[in-house]
Amino acid sequence: MGVFDVDYTKIQERTDFPYEVEIINHCWIEMSDGIKLSAKLWQPKTSEKTKGAVLEYLPYRKDEFTALRDEIRHKYFAGMGYTSIRVDIRGTGDSEGLIEDEYPKQEQDDALEVISWIENQEWSNGSVAMIGKSWGGFNGLQLAALQPPALKTIITLCSTDDRYADDVHYKGGTMMASDMLWWASTMFAYNARPPFPKYVGEKWYDMWINRMENTPPFIEEWVSHQTRDNYWKHGSIGEDYSAINIPVLTMSGWADGYTNALFRLMNNLDVPKKGIVGPWAHEFPDMAIPGPQIGYLQEVIEWLDRWMTEEGDQDTHKDAFLVYLQDGVKPKTTYDFREGKWLDLYNEETSEIDILENINGEVPLLNRQQHGLYSGVFCPFGQEGDLPDDQLIDNALATSFMLPKQDTTLNIIGQPVAKIRVKPDKEEANLHVRVTDVHPTGEKTLVTKGQLNLNHYKSHEFPEDLTVGEYIDVEIPLDVIGYQIKAGHSIEVSISPTYWPQIWPDKEIVNLTVDFSHSELLLPVITDFNEVRLKYEQSETATPLEKEIIRDGYRTRNVIKKLTTDEWVLDDFSDEGLRTLTETNITYGSTNHNVYTIKEGDPLSAKVECDWTVQVKDSDIDTNVVTKSVMSCDADNYYLYNEMTGYSNNEHCFYKTWNKTVPRYYT
């Protein structure tokens with residue numbers, strides 16, 4: 001199952017809506033500089049103004065890549081009385097212009113004009129909500145901080161308030177080898193897809209060539225900003241939470257890569273708000289795995305009805321923070337369902353326990369370059385093989401401490417924090433900390449983890465050399481989690497200077513010593529809690545589009561040891577499948593092959609290669625784009641290579657390469 005596909009076996013279809021729906025597949029919204037953005041509208045059939053407008057604003061192409069998921073949700077909103085709008089960001093889909101980067105000022109300026117356009121439509125009541133997951137969740141927060149008067153609320157899923165601290169580029173000041181190039185390569189291929197002649201006319205080919213020629217590989221800019229400078233502060237609403245003055249509904253999952261940010265939003269926003277955290281991966285919670293799924297669309301409609309109309313019952317709102325405490329389970333790389341219980345974290349008291357209190361002495365840490373290969377992906381979408389495997393091997397490759405068996409069940413919920421006293425023998429170093437649930441039968445389930453570039457321990461903006469041979473006290477937030485460790489189980493703590501491929505390795509092998517007599521690992525725990533029931537436990541959607549499966553998708557993810565060269569390879573291949581949308585006769589699909597390579601004892605051998613093929617065709621065009629992206633290093637520089645080839649009707653029509661060398665700066 002591809003990440004933009006929809007599993008129709010999970011759909012609970014609703015057909016009895018208050019309004020019939022009419023659909024406009026394409027209309028233009030002209031910007032002040034003359035560039036036109038393409039939009040799709042789902043509208044309730046009514047002679048009166050609609051209840052408001054729901055805007056989703058993405059670079060992922062409304063005509064095919066998000067068409068399946070758009071239909072079941074935007075049509076639902078229209079059936080409930082809202083005009084629902086999907087806009088392709090400048091330079092993507094059928095929209096004119098070029099996309100410069102993630103979340104540039106141009107993207108936000110365009111969104112302000114889109115909101116103004118909505119206000120001035122005859123069907124508009126002047127109220128707009130922005131809704132979105134991931135990219136759409138990010139720009140919803142960013143637009144809310146700009147405070148356009150018509151924007152009454154946002155629904156933001158799987159998003160972040162801090163583009164440097166919690167995204168695919170850097171985490172804890174460490175460079176994300178697992179995702180930095182992979183995500184850049186994804187957008188490199190995605191951005192190269194053509195518009196459709198049926199909407200843009202004969203200029204489609206020139207627009208396509210212009211995109212391939214002039215849309216930059218985002219990786220070059222991202223690697224050029226290795227500290228938390230103004231580039232990352234832009235679009236990070238955590239710089240000033242008070243800039244958001246409208247109600248916020250936010251959701252994420254324990255298996256998502258962005259759950260830490262949701263906790264910060266719920267702790268820092270001073271507006272009416274509601275947060276929901278389930279067991280889910282990076283997906284909408286009416287379809288996400290692991291289950292249980294929830295009635296996401298019903299939650300959204302209730303929220304919109306409250307804040308988008310004058311008749312909304314705003315006075316009875318009470319903030320809520322609903323989280324799912326997962327039962328402890330044996331490790332698997334895919335779960336369909338996780339048992340657990342819901343609770344409202346705002347109504348519960350949390351205490352802290354230090355699980356390192358009985359560990360003492362100065363301990364040198366193991367340094368193994370291949371440590372971390374069984375960690376799973378940073379941000380799972382719910383594909384096979386996404387989640388962490390049994391931690392038996394990874395724990396053996398780190399310095400690990402097995403704690404005594406639990407006499408009672410331990411409910412961990414919130415953000416653990418490691419406070420570590422550490423001494424380096426080099427001027428630059430990283431540190432990684434993990435907590436695992438050890439089952440009586442020996443299996444080890446990853447519970448949570450965290451990482452820090454030690455040169456950033458005072459500041460992510462102004463890193464500095466470490467003093468060789470001197471102890472420093474550092475604080476490492478681990479990922480937020482809701483996980484129950486059962487009585488009779490043990491906790492194992494693992495600490496290491498390496499975590500490949502999530503952390504790009506240091507320039508040289510670093511020996512770290514930890515003083516455990518002056519270190520802590522604080523777990524937030526709840527002893528007793530009141531279980532709650534969600535109001536909407538059963539998901540429902542509108543009727544899906546018809547699709548024909550041309551090629552089923554599949555996933556392989558293999559760890560390989562090359563015994564003759566001492567190289568470790570993580571080989572990750574995903575066929576997103578090939579499908580045709582019956583109504584529009586659009587066929588689309590892609591494949592992605594990622595290879596992460598490192599040699600034992602040689603941190604400078606680190607290399608990532610990401611290859612994509614992307615196909616788009618309909619009655620007028622037949623196109624393929626093939627890309628290759630490579631990232632490697634030496635002690636002084638990162639080396640970036642990107643290559644793109646375009647084919648039209650199976651004939652070669654475009655080729656270009658990009659090369660860039662970026663100096664390393666404390667990464």
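Me: In which loop is Pro 290 found?

Reply: This is a predicted model, in which local features need pLDDT of at least 70, side-chain atom pairs count only at pLDDT 80 or more, and totals for chains, interfaces and linings use all residues. Residues are numbered from 1 along each chain as its sequence is written, and side-chain values use heavy atoms, with hydrogens and water left out. Helices (H or I, at least four residues) and strands (E, at least two) are DSSP runs numbered from the N terminus. By those elements, Pro 290 is in the loop between β10 and α10.

Me: What is omega near for the peptide bond from Gly 291 to Pro 292?

Reply: Most peptide bonds are trans. Pro 292 lies in the loop between β10 and α10. The bond from Gly 291 to Pro 292 is cis, with omega near 10 degrees.

Me: How many of the 12 residues of α10 are buried?

Reply: Buried means under 20% relative accessible area, exposed over 50%, and partly exposed in between (1.4 Å probe, protein chains only). Helix α10 covers residues 296-307. Its buried residues include Tyr 296, Trp 303 and Trp 307. Helix α10 is mostly covered, and the number buried is 10.

Me: Is Trp 342 buried or exposed?

Reply: Trp 342 sits in strand β12 (residues 340-344). Among the residues that Trp 342 touches, not counting those up to four places away in sequence, are Gly 278, Trp 280, Tyr 324 and Leu 534. Because its relative accessibility is 9%, Trp 342 counts as buried.

Me: How far apart in space are Trp 342 and Gly 278, C-alpha to C-alpha?

Reply: In sequence, Trp 342 and Gly 278 are 64 residues apart. In space, C-alpha to C-alpha, the distance is 8.5 Å.

Me: What is phi of Cys 158 near?

Reply: Most residues other than glycine have a negative phi. Cys 158 is found in the loop between β6 and β7 (170-171), and Cys 158 is buried, with a relative accessible area of 2%. Its phi is positive, near 50 degrees.

Definitions and conventions
The expected span of a helix is 1.5 Å times one less than its number of residues. Contact means heavy atoms within 4.5 Å.
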